[in-house]
Amino acid sequence: MTLRPPSPRRFRNLLGRILLLLVGMFLAALGIGFTTTAGLGTTPISTVPYTGAAITGISFGMCTVILNFAFVAGQIILLRKRYRPINLIQIPVGFVFGVFIDFAMHLVGGLIPPNWFVAAAMSLFGNVVLALGTVLQIRSKTIVQPGEGLVIVAAALSHKSFGTMKICNDVSLTVVAALMGILFLGHIEAIREGTLVSAVMIGLFAKLIDKLFTRLTPAPKVVEPREVPLPKEETEPHEVKLK
């Protein structure tokens with residue numbers, strides 16, 4: 001049996017999807033950069049690496065890479081024999097995302113808001129950019145970030161909705177970050193009012209952006225993890241809906 005090379009059309013389609021994924025990842029990292037630099041607290045999923053960076057002196061992005069390794073390990077532990085090695089591609093994807101975060105922090109790190117109102121606007125703008133990046137990543141239909149992958153696996157195994165498990169994951173990370181800050185720094189480092197706002201607004205912005213894209217372009221057919229059984233040969237559902 002001979003393997004046929006992919007057709008030029010399929011190859012271009014794959015390249016386009018990968019490009020969309022990379023653009024989405026960069027925008028998500030840029031959104032995290034704006035939200036974090038605003039000084040009102042970073043996004044929930046970034047609280048642990050940001051606190052870890054303050055404790056260890058390692059860069060924010062590289063601490064995010066370490067957390068992504070932990071997310072991949074969590075998927076392997078949960079799925080055990082059902083984990084497919086192909087999903088290890090989340091590791092280089094997570095590494096690239098960490099590099100993007102460090103680059104984004106370099107780009108916007110000098111933007112010091114003069115007062116709380118400017119900081120709030122900057123944080124909110126970061127939420128919009130992050131939501132846009134998240135939507136683009138989902139619409140690329142390539143691979144999810146390790147953190148999202150862990151949530152999808154947990155949702156499928158527990159027969160809960162992705163949204164419910166996402167909230168549980170964000171709350172857990174925020175609590176862990178708070179404990180890390182108190183134990184090692186003597187204060188909470190990464191959690192403020194902006195963190196709570198981000199927990200709510202990023203999802204809302206993502207829904208609005210996705211609806212706008214749906215009007216402009218055909219929407220990909222996606223389903224929520226709770227609506228998909230987890231067969232023995234599958235490791236995780238790969239598609240998530242925003243609404």
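Modeller: Helices (H or I, at least four residues) and strands (E, at least two) are DSSP runs, numbered from the N terminus. In this protein there are eight helices and zero strands. The model is predicted: local features need pLDDT of at least 70, side-chain atom pairs count only at pLDDT 80 or more, and totals for chains, interfaces and linings use all residues. Residues are numbered from 1 along each chain as its sequence is written, and side-chain values use heavy atoms, leaving out hydrogens and water.

Colleague: What share of the 243 residues is buried?

Modeller: Buried means under 20% relative accessible area, exposed over 50%, and partly exposed in between (1.4 Å probe, protein chains only). Here 43% of the 243 residues are buried.

Colleague: How does one judge the span of helix H3?

Modeller: The expected span is 1.5 Å times one less than the number of residues. Helix H3 (residues 60-79) has 20 residues and reaches 29 Å from its first C-alpha to its last, close to the 28 Å expected. Arg-80, which follows H3, has a positive phi near 50°.

Colleague: Against which helices do the buried residues of H3 pack?

Modeller: Contact means heavy atoms within 4.5 Å. The buried residues of H3, including Phe-60, Leu-67 and Phe-71, pack against helix H1 (8-37), helix H2 (47-56), helix H4 (90-108), helix H6 (146-158) and H7.

Colleague: Is Ala-119 buried or exposed?

Modeller: Ala-119, in helix H5 (residues 116-140), has a relative accessible area of 4%, so Ala-119 is buried. Not counting residues up to four places away in sequence, Ala-119 touches Ala-38, Leu-40 and Pro-113. The C-alpha atoms of Ala-119 and Ala-38 are separated by 4.8 Å, although these residues are 81 residues apart along the chain.

Colleague: Which residues form the nonpolar patch on the surface?

Modeller: Patches are made of residues with over 30% relative accessible area and no salt bridge; like charges are joined within 9 Å, nonpolar side chains (Val, Leu, Ile, Met, Phe, Trp, Tyr) within 5 Å. A salt bridge is a side-chain nitrogen of Lys or Arg within 4 Å of a carboxyl oxygen of Asp or Glu. Accessible areas come from the Shrake-Rupley method with a 1.4 Å probe; for residues, only the protein chains shown count as cover. Ile-167, Val-171, Val-175, Leu-179, Leu-183 and Phe-184 form the patch, with about 640 Å² of accessible area together. Val-171 lies in helix H7 (residues 162-185) and counts as partly exposed because its relative accessibility is 48%.
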